[in-house]
Amino acid sequence: MTLKENLENVSNTLTDVKVEVRYLSITVFGMNDDFKEINERFQELENSTKKIETEVRMLDKNNAATLSDLEKRHLTLIDDLKNTTSSLRADFGDYETNQLKISATISSLELFRINQTLSKCDPKQKVAFTAGVTSYSSAWNSGTLIFNSVILNVGNGYNPSTGVFTSPVTGTYVFYVTAVEYSKQYLMVDIVLNSVSKVKLLGDSEAAYQTGTNMVVLNLQKGDSVWVRHVSGKGYWSDSVPATTFTGFLIG
């Protein structure tokens, strides 16, 4: 009876053990599934990590190339700036040199002008004249045109008896002549310096009383002579208020 009771107890215990074993088997199977899922997730994580590592390597490589390119550009820019700075310094040096040359030239010209002014004439000296003809002539055809009526003669350089201006001082003079031809007879005259013709003026004959004018600037030495000389045609016209005139003045 005792043995039978023990067997029954053992049988019950075995039954309980079987139940526990089944439970453990179920649990183990469940754990296997979990391990599989964990393993799959780990594999996914590992793949993702490798992918990230690959991308990081590519980014590092690209960044290294970009940094190298930027460094090259930076060095090139620095070289360009150095070259530009050197060029600007050289240009500035040339500019300063040219400025000094220009200043020296201006100083020399100013000194030359002062010397020329002092050597040519007294700045207080003034020379100017205007003379005219107060009557007409239908026959004049040679020689010097004498402007007998003096309107102004500062410095007394013009002689109304001879029609000749004689420079009282060395300098630069302006001379201006107006001559009116007589009734379609045509008239051409010259302004002459020491018998050398300098400019010509013409009163044409297409209509009556055509006016010829001209002006000349001359450098004269003291004692040089300037007058108006006949070239061709004949006669001239003027009036009591002169229309045919001769003017000259010193400008420096």
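**View 1**
Two strands pair if DSSP finds at least two bridges between them. Helices (H or I, at least four residues) and strands (E, at least two) are DSSP runs, numbered from the N terminus. This is a predicted model: local features need pLDDT of at least 70, side-chain atom pairs count only at pLDDT 80 or more, and totals for chains, interfaces and linings use all residues. Residues are numbered from 1 along each chain as its sequence is written, and side-chain values use heavy atoms, with hydrogens and water left out. The protein has 1 helix and 10 strands. Along the sequence, the pattern reads α-β-β-β-β-β-β-β-β-β-β. How much of the protein is buried? Of the 252 residues, 24% are buried. Here, buried means under 20% relative accessible area, exposed over 50%, and partly exposed in between (1.4 Å probe, protein chains only).

**View 1. Helix 1 and an annotated stretch.**
Helix 1 covers residues 2-120, and Met 31 lies in this helix. The relative accessible area of Met 31 is 40%, so Met 31 is partly exposed. Next, look at residues 35-62. An unreviewed UniProt entry annotates these residues as "coiled-coil region". Such annotations may be inferred rather than shown by experiment; their positions use the numbering used here, and feature names are shortened. In the model, residues 35-62 are 100% helix and 0% strand.

**View 2. An open sheet with the order 2-1-10-5-8.**
This open sheet has 5 strands, and their pairing is antiparallel. Which strands sit at the edges? They are strand 2 (149-154) and strand 8 (211-220), and each pairs on one side only. Within the sheet, strand 1 (residues 128-132) runs antiparallel to strand 10 (residues 245-250). These two strands are joined by 5 bridges.

**View 3. An open sheet with the order 3-4-9-6-7.**
Here too there are 5 strands in an open sheet with antiparallel pairing. Strand 3 (158-159) and strand 7 (196-203) are the edge strands. Each has a single partner strand, so one side of each has no neighbour in the sheet. Strand 3 pairs with strand 4 (residues 164-166) over 2 bridges, in the antiparallel sense. Start from Asn 159 to find one of the links: its bridge partner in strand 4 is Val 164.

Strand 6 spans residues 187-193 and is mostly covered. How many of its residues are buried? The count is 7 of 7. Their side chains go two ways. Leu 187, Val 189, Ile 191 and Leu 193 point one way, while Met 188, Asp 190 and Val 192 point the other way. Strand 7 runs antiparallel to strand 6 and is joined to it by 7 bridges. Across from Met 188 stands Leu 202 of strand 7. Strand 9 (residues 225-233) also runs antiparallel to strand 6, again with 7 bridges. Leu 193 has Val 226 as its bridge partner in strand 9.

**View 4. Residues with a positive phi.**
Most residues other than glycine have a negative phi. Asn 156 is not a glycine either, yet its phi is near 55°. This residue lies in the loop between strand 2 and strand 3. Is Asn 156 buried or exposed? Asn 156 counts as exposed because its relative accessibility is 65%. Tyr 186 has a positive phi of about 70°. Look for Tyr 186 in the loop between strand 5 (171-180) and strand 6. At 26% relative accessibility, Tyr 186 counts as partly exposed.

**View 5. Thr 144 and Arg 229.**
Thr 144 is in the loop between strand 1 and strand 2. Its relative accessible area is 27%, so Thr 144 is partly exposed. How far apart are Thr 144 and Arg 229, in sequence and in space? In sequence, 85 residues separate them. In space, their C-alpha atoms are 4.6 Å apart.
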